[in-house]
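The exercises below are to be worked through with the model open in a viewer. Each task is followed by a stepwise solution.

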Amino acid sequence: MPAEARALTEKRGFDAVVVGGGVIGLACAWRLARGGAEVVVLERGEPGGGATRVAAGMLAPVGELTFGEPELLELTLAAARLYPEFVAELEAATGGSAGYERLGALHVALDRDEAAQLRRVHELQRSLELEAAWLPPRRCRELEPGLTPSFHGGVFAAGEAAVDPRALARVLLAACETEGVEVRTGAEAVDGIFEGERLVGIRIAPGSAGPLKRYAEQESAGSFARAGGEEIRAETVVLASGAWSGATEWLPEHARPPVRPVKGQVLELRSRVEEPPARHIVASERVYMVPRPDGRLVVGATVEEMGFDTAVTAGGVHELLREAYRLLPDVAEMELIGAAAGLRPGTPDNLPLVGPGAIDGLVLATGHFRNGILLAPLAAQAVADLLSGDRRSSFVPSKANKGRTPTTEVAR
Amino acid sequence: MRIELNGAPHELPEQATLDAAVRASGAGEGGRGVAVALDGEVVPRGEWETTPLREGQAVEVLAAIQGGAETWELGGREWGSRLIAGTGGFRSLEQMEQALAASGTEIVTVALRRVDPAAEGSVLDVIDRLGLFVLPNTAGCYTARDAVRTAKLAREAFATDWIKLEVIGDDRTLFPDAVELLDAAEQLVADGFTVLPYTNDDPILARRLEEAGCAAVMPLGSPIGSGAGIRNPYNIAIIAERAEVPVILDAGIGTASDAAQALELGCDAILAASAIFGAEDPVSMATALRRGVEAGRLARVAGRIPRRTHAEASTAYEGLPDLS
């Protein structure tokens with residue numbers, strides 16, 4: 001780190017404090033630390049314990065395509081291209097695995113109505129020159145022998161991939177530690193610290209836990225009080241608290257991003273035979289299934305506007321199982337090992353909020369809605385570029401971001 | 001402060017907000033059925049009170065309904081728009097807001113089972129901002145008991161005794177279960193609800209629902225979400241002809257011509273959901289449906305010519321001046 005930056009750090013504390021230890025927050029922290037920044041992550045619960053824990057980890061820009069969202073497609077395609085390198089770097093740094101697999105995705109139409117709808121989306125995919133092919137039922141079953149015998153065809157997107165978000169969070173956490181990031185668990189942000197109009201740090205709740213594992217060099221710095229209600233000062237506060245980003249009471253109201261929780265219920269099944277339940281991501285209009293290398297199958301997901309409710313409902317489980325069974329009858333023989341509900345951070349236009357916040361010192365990395373796992377490398381890169389003063393970042397922020405334009409002085 | 005109101009100079013007190021200009025324009029109670037533009041930009045109803053005016057600004061107050069602002073009555077209230085819109089299924093809140101604004105709707109349905117009324121920053125915030133009337137529905141209910149319970153929860157949650165009553169017979173067709181529907185309608189009417197039942201295109205059942213005290217009947221044109229249009233226009237015409245309560249064509253609208261046909265057949269209004277959110281461009285489709293409804297209503301009032309088997313020249317020979 002250059003001498004003048006070091007001097008600034010001593011004056012201010014950290015270069016960045018990242019609020020939220022999900023995949024987005026950890027990826028941002030890791031990228032920043034690799035660029036030489038001193039970073040602390042504040043995680044209220046356990047790292048990767050929020051939406052990350054529940055996410056299926058589909059990296060599927062082609063299959064998720066809908067009409068009228070060209071900006072989002074550009075982002076998801078860019079992120080999908082970044083992924084192999086992102087994962088390879090992390091795995092090389094830590095020796096762990098993020099469970100990344102280029103599985104390909106098969107979207108199946110179960111009846112004539114669904115076929116008409118799927119063909120309509122497929123026309124859009126073709127008009128955008130995306131990698132996707134219409135396959136008759138026989139070809140679909142060659143790819144995926146477990147499919148129901150009776151359906152009307154499918155679209156195969158060979159380039160789609162998946163990652164295991166929990167494994168990804170683990171390698172990100174390990175990589176953060178390698179880079180000297182201080183990750184504090186049980187540390188809840190309760191207050192912003194302001195100098196004039198500028199946000200210069202975060203006060204955490206009294207009784208918040210200490211660091212999960214402090215990097216030796218920082219241990220000796222010992223500049224932080226252990227007592228509750230501790231102040232953590234930083235040049236930049238990165239808000240990465242997912243669905244809770246809109247409920248940040250420690251920010252003035254105008255600076256809270258327009259993020260709302262959108263509930264999703266997900267099931268986890270496990271195969272009881274050698275044969276994997278599916279070889280590819282398999283999806284219909286109403287459900288998707290992602291096979292994991294260890295024989296698990298993730299079935300998702302409901303989309304519910306229910307505030308912060310995370311109850312798993314009988315109706316939600318029923319719907320997911322019914323639709324999964326209609327596609328892959330073998331599902332009935334699998335062990336149901338888990339059902340969970342998580343909260344996606346939704347924004348008014350479905351685009352993420354990544355960029356300068358509405359007050360000085362605040363940077364947003366939130367609002368990734370259905371694509372948080374996929375967009376993580378892109379968001380991390382954009383935040384790192386922003387903090388290093390590089391404006392060439394390709395990230396398109398949401399129209400809902402009423403923050404400052406990227407020409408504002410936020411560089412360290 | 002002097003502003004320009006509908007092209008003419010107008011004096012308003014200092015600090016006046018946009019709603020003062022709307023009142024000054026002579027628009028009715030709450031500005032129902034009008035759209036307001038400030039310096040050429042449309043301002044949503046919910047923002048009138050908080051939008052300050054400055055010296056010299058131009059305010060235009062436009063009647064949203066062309067041709068003399070004809071209104072219709074539902075549940076003891078006057079409405080301008082004959083298009084009721086659903087709120088589920090949109091790809092984003094922003095898209096929903098733009099489409100609802102474009103549709104000109106005044107009433108939107110909300111499924112209690114899918115939307116938490118207390119959730120902030122969500123569907124209901126958009127509805128509030130647009131100043132729309134919330135009509136909760138009992139989507140997803142399969143028995144009278146379930147529907148009645150859901151209606152009561154909706155009354156608490158949304159502070160309204162209006163309910164769009166849906167009692168579904170099976171999840172493949174989503175056709176109404178006539179027996180359970182009538183049972184639920186009777187119970188809810190007795191409990192003081194304003195009941196708007198989603199019903200089959202069966203004139204007898206429609207009459208029974210009306211007799212049970214429902215505030216309207218909402219026959220389907222074809223199955224929910226099918227976009228198959230009005231499959232039995234004769235039955236819809238019979239229902240519309242005989243009903244003394246408003247008839248709102250509920251399911252099956254696929255495009256603007258279906259909306260126009262419903263009004264031509266004598267329906268008072270339509271409800272559209274998947275026709276809007278499922279379109280490639282929902283905002284344009286919302287506009288198209290609004291115009292379809294307006295065109296259908298005008299055609300109904302205008303009185304169409306009878307259908308004939310043989311040609312009838314539009315210019316008769318008799319009495320023509322001899323120009324040779």
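**Exercise 1: exposure and position in chain A**

A:Ala92 counts as exposed because it has 9 C-beta neighbours inside 10 Å; the cut-offs are 20 or more other C-beta atoms within 10 Å for buried, 12 or fewer for exposed, and partly exposed in between, with C-beta atoms placed from the backbone. This is a predicted model, in which local features need pLDDT of at least 70, side-chain atom pairs count only at pLDDT 80 or more, and totals for chains, interfaces and linings use all residues. Residues are numbered from 1 along each chain as its sequence is written, while chains are lettered from A and ligands numbered from 1 in the order in which they are written.

Solution. 
1. Helices (H or I, at least four residues) and strands (E, at least two) are DSSP runs, numbered from the N terminus.
2. The C-alpha atoms of A:Glu188 and A:Gly229 are 9.7 Å apart in space, and the two residues are 41 apart in sequence.

**Exercise 2: a helix pair in chain A**

Task: how are helix H4 (residues 70-94) and helix H10 (residues 372-387) of chain A oriented, and which residues make the contact?

Solution. 
1. The two helices pack at an angle of about 80°, and their axes are 8 Å apart. Axes are lines fitted to C-alpha atoms, for helices over the stretch in contact, and angles run from 0 to 180 degrees between N-to-C directions.
2. H4(A) and H10(A) are therefore roughly perpendicular; angles under 35 degrees count as roughly parallel, over 145 as roughly antiparallel, 65 to 115 as roughly perpendicular and the rest as oblique.
3. Residues of H4(A) in the contact include A:Leu75, A:Leu82, A:Tyr83 and A:Phe86, and H10(A) brings A:Leu374, A:Leu375, A:Pro377 and A:Leu378. Two residues are in contact if their C-beta atoms, placed from the backbone, lie within 7 Å.
4. Sorted by class, the contact has 11 nonpolar, 1 polar and no charged residues. Ala, Val, Leu, Ile, Met, Phe, Trp, Tyr, Cys and Pro count as nonpolar, Asp, Glu, Lys and Arg as charged, and the others, Gly among them, as polar.

**Exercise 3: domains of chain A**

Task: which domains does the assignment give for chain A, and how many residues do domain 1 and domain 3 bring to their contact?

Solution. 
1. Chain A is assigned domain 1 (1-100 + 162-259 + 349-412), domain 2 (105-158) and domain 3 (260-346); such bounds come from an automatic or database domain assignment.
2. Domain 1 of chain A brings 23 residues to the contact and domain 3 of chain A brings 21 residues.
3. On the domain 1 side, helix H3 (residues 51-54) of chain A gives the most, with 3 residues.
4. That side divides into 10 nonpolar, 10 polar and 3 charged residues.

**Exercise 4: an enclosed helix in chain B**

Task: is helix H8 (residues 256-264) of chain B largely enclosed or open, and what covers its buried residues?

Solution. 
1. In H8(B), 8 of the 9 residues are buried, so the helix is largely enclosed by the rest of the structure.
2. Among the buried residues are B:Asp258, B:Gln261 and B:Glu264.
3. The cover includes helix H7 (233-242), strand S14 (248-249), strand S15 (269-272) and helix H10 (282-302) of chain B.
4. After H8(B) comes B:Gly266, with a positive phi near 110°.

**Exercise 5: the two chains together**

Task: how many residues does each chain give to the contact, and what scores does the predictor give the complex?

Solution. 
1. Chain B gives 16 residues and chain A gives 15 residues.
2. On the chain B side, helix H2 (residues 93-103) of chain B gives the most, with 3 residues.
3. The chain B side divides into 5 nonpolar, 4 polar and 7 charged residues.
4. The complex has an ipTM of 0.73 and a pTM of 0.80 from the predictor.
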